[in-house]
Amino acid sequence: MLTYHTAGDSHGPVLIGIVEGFPAHVPVDEEFVNRMLARRQGGYGRSKRQRLEKDRAQFVAGVWKGETTGAPIGILIRN
């Protein structure tokens, strides 16, 4: 079972995500994740803020050489 936790908000310095429950050796493509984040840049929101932000996810824990390690995965997005 996967569980996830988040910390931070869109007006703070960073957003943090922690995902638990991935087994080891699952491929993770950080650039694919960042391309999917960029898709929202077109913005269907109420303001132009989505087009101004250049979010990029950085896997800071639980991923080694493009594969999960079995430990919780830490994802950092700087604002």
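Let's start with one residue. Asp9 touches Val14, Leu15 and Asn79, leaving aside residues up to four places away in sequence. Contact here means heavy atoms within 4.5 Å. Asp9 and Asn79 are 70 residues apart along the chain, yet their C-alpha atoms are separated by 9.1 Å. Asp9 sits in the loop between S1 and S2. With a relative accessible area of 43%, Asp9 is partly exposed. On that scale, buried is under 20% relative accessible area, exposed is over 50%, and partly exposed lies in between, with a 1.4 Å probe and protein chains only.

A word on what we are looking at. This is a predicted model, where local features need pLDDT of at least 70, side-chain atom pairs count only at pLDDT 80 or more, and totals for chains, interfaces and linings use all residues. Residues are numbered from 1 along each chain as its sequence is written, and side-chain values use heavy atoms, with hydrogens and water left out.

Now the overall layout. The chain has 2 helices and 6 strands. Those are DSSP runs, numbered from the N terminus: helices are H or I with at least four residues, strands are E with at least two. Along the sequence, the pattern reads β-β-α-α-β-β-β-β. The chain holds 79 residues, and 22% of them are buried. Take the contacts in the chain with a separation of 6 or more: 45% of them come from residues 24 or more positions apart.

Next, the sheet. Which order do its strands take? The order is S1-S2-S6-S3, in an open sheet of 4 strands with antiparallel pairing. Two strands pair if DSSP finds at least two bridges between them.

Let's walk across it. S1 and S2 run antiparallel, joined by 6 bridges. These two strands form a hairpin, with 5 residues between them. Gly8 stands opposite Leu15 in S2. Leu15 is also one of the residues that Asp9 touches.

Move on to S2, residues 14–20. S2 pairs with S6 over 6 bridges, again in the antiparallel sense. Gly17 has Ile75 of S6 as its bridge partner. Ile18 stands opposite Gly74 in S6.

Ala61 has Gly74 as its bridge partner in S6. Helix H1, residues 30–39, packs on the sheet and touches S3 and S6. The direction of H1 makes about 140° with that of S3. Such angles run from 0 to 180 degrees between N-to-C directions, and the axes are lines fitted to C-alpha atoms, for helices over the stretch in contact.

Stay with H1 for a moment. Asn34 lies in this helix. Is Asn34 buried or exposed? Asn34 counts as buried, because its relative accessibility is 4%. Its contacts, not counting residues up to four places away in sequence, are Asp55, Arg56 and Ala57.

Now the largest pocket. A pocket is an open set of points on a 1 Å grid over the protein atoms alone, with protein on both sides within 12 Å along at least five of seven lines; a 1.4 Å probe fits at the points, and lining residues have an atom within 4 Å of one. The volume is about 160 Å³, taken as the space filled by probe spheres set on the points, which are joined across faces, edges and corners. S1, S2 and S6 each supply at least two lining residues. Which strand gives the most? S2 does, with 5 residues. The lining includes Tyr4, His5, Gly17, Ile18 and Ile75. By class, the lining has 8 nonpolar, 3 polar and no charged residues. Nonpolar covers Ala, Val, Leu, Ile, Met, Phe, Trp, Tyr, Cys and Pro; charged covers Asp, Glu, Lys and Arg; the others, Gly among them, are polar.

His25, between S2 and H1, has a positive phi of about 75° although it is not a glycine. His25 counts as exposed, at 58% relative accessibility. Lys65 lies in the loop between strand S4 (63–64) and strand S5 (67–68). Lys65 is not a glycine either, and its phi is positive, about 50°. At 73% relative accessibility, Lys65 counts as exposed.
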